[in-house]
Amino acid sequence: MEGSAPGEVRMSQAIQPAHSNPRGELSAGQLLKWIDATACLAAEKHAGVSCVTASVDDIQFEETARVGQVITIKAKVTRAFSTSMEISIKVTVQDMFTGIEKLVSVAFSTFVTKPVGTEKIHLKPITLLTEQDHVEHNLASERRKVRLQHEDTFKNLMKENGKFDDPICDEEEGTVSTRDTSVQSIELVLPPHANHHGNTFGGQIMAWMETVATISASRLCRVHPLLKSVDMFKFRGPSTVGDRLVFNATVNNTFQTCVEVGVRVEAFDCKEWSEGRGRHINSAFLIYNAVDDKEEMVTFPRIKPVSEDDFRRYHGAIARKRIRLSRKYVVSHKEEVPLCEHWNIDNQVSLSKGNVEALKKMAAKSGWEVTSAMEKTKMYILEEDDILSVWVEKHVERPAHLVYHLLSDFTKRPLWDPHYIGSCRCVDRVSEDDQIYYITCPVVNDDKPKDLVVLVSRRRPVKDGNTYTVAVKSVILPSVPPSPQYVRSEITCAGFLIHAIDNSSCTVSYFNQISASIFPYFAGNLGGWSKSIEETAASCIQFIENATDDGLISLF
């Protein structure tokens, strides 16, 4: 049997009926209690003193667990800062009959020491024993930056969202008022709910929050919703035995097959209870999916905000979704599985055709959601399971055929795109419509610079059509092997669709299915702490509209 790593704390629990929800699956609230207890014990093992939960990062639930299976939770300190430490938590489930083990969740929480008297306790650094320890230790610093800038990032995104026209129309059918999803519940904190410090156990508060949020989500979908993730949140203050905890939950927004529920927790002692004056001790945001009796995903109805506070929460949900998407990179740090194909004389036609078809298929998908809008530019995102795609739409005051020639010549890409500042040269001119380019990219996040080998397939409109296509995907070319100076990266599917509006203007749509290797170039933009995509789009528009007639004529 595998033993625990040094510094690791492990909890194993057999799932009993008392731990389950109405679907016979492990209650998310119960799992949150176990996660918090295990993480606390790992923190105290390192610190040597009592510790309390300060915050919890996004918790993503990848798999469900059922009655009769065994849950194993492993927690260890990844990095100790001055007075706080990050705890890494990994949850797996094992079927006792088959022996198959699956990953349920990977999460990170921050704990602080509970001071004795007025003196602060400074934590000792952790001992790094393996290569993975070093990787997680470095990533912990990146995750901490995200936590510290979270509030400012959220405020900036809220200002940006306030510029959008509200998408909900009074005449829109099938919408549900936020008031119809409101739920309130109260709990009296008793001794069994307290931790070993005498305060209300953080995991218990999370479990109560999950219960009231689940009720709120179920009022929208009329089935048993499934908790998909918990957004990053902080514990604002403690509560103790004897407090009354009041939980208020409301659906903030829906995003097709998922819904965000906000929960606010206020604590009252006896005097505060009689005066109606509570302490705001926590707020959390929980994201749910739902499946019907055929186990197919349920599409949630649109939510209709009523009050000014409803609209604030509605836009807040959009901002938090953007931040969650960007945090996936720094939290998971998933390794990329190469998907690009070898380029050779036997498969040139099929690769070129597939390149163009993949781009058109991405553009035709439903579910794109607008995340930012400027004078001439709009940005959309599409999330499908673990696949994230970006669509940037630009209005350009130039004829479509001229824009097509400018954008399909990748040697000109460094003139307007800062992500291509290194170099961009054609290494194989296969035909008039298909070229292979070697591209070097600038350094991001202090990593080694990246390089790419891409096939660019361009197509003019078919008869009676008005859309030009420039499709891009990575290929493996034996004549351009990986270099030790660069990290070979991959573009899965990207490109431009250029749609003529009239004889002098067009709409340019840029699409990119984001791979792990190029995510660092998009992470800040998606998270709201960078405007690099919008700035690149503006640079592209300026480049096209300022191109001289002589330069355009020379392209023909």
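Why does S389 count as buried? Select S389: its relative accessibility is 2%, so the residue counts as buried (buried means under 20% relative accessible area, with a 1.4 Å probe and protein chains only).

Before moving on: this is a predicted model, where local features need pLDDT of at least 70, side-chain atom pairs count only at pLDDT 80 or more, and totals for chains, interfaces and linings use all residues. Residues are numbered from 1 along each chain as its sequence is written, and side-chain values use heavy atoms, leaving out hydrogens and water.

Now colour strand 18 (residues 387-396), where S389 sits; strands are DSSP E runs of at least two residues, helices are H or I runs of at least four, and both are numbered from the N terminus. Show what S389 touches beyond four places in sequence, including W368, Y380 and I514 (contact means heavy atoms within 4.5 Å).

I514 also belongs to a core of 40 residues, along with A400, Y437 and V454. A nonpolar core is a set of buried Ala, Val, Leu, Ile, Met, Phe, Trp, Tyr and Cys residues joined through side-chain atoms within 4.5 Å.

Next, jump to I71. In the largest nonpolar core, which has 73 residues, I71, M85, I87 and V263 touch the most other members. Helix 1 gives the most to this core, ten residues. Contacts of I71 beyond four places in sequence include M11, W34 and V104.

Finally, select strand 4 (residues 70-80) and strand 5 (residues 84-94): they run antiparallel, joined by ten bridges (strands pair if DSSP finds at least two bridges between them). Look for T72, whose bridge partner in strand 5 is T92.

Definitions and conventions. Buried < 20%, exposed > 50% of the residue type's maximum accessible area, 1.4 Å probe, protein only.
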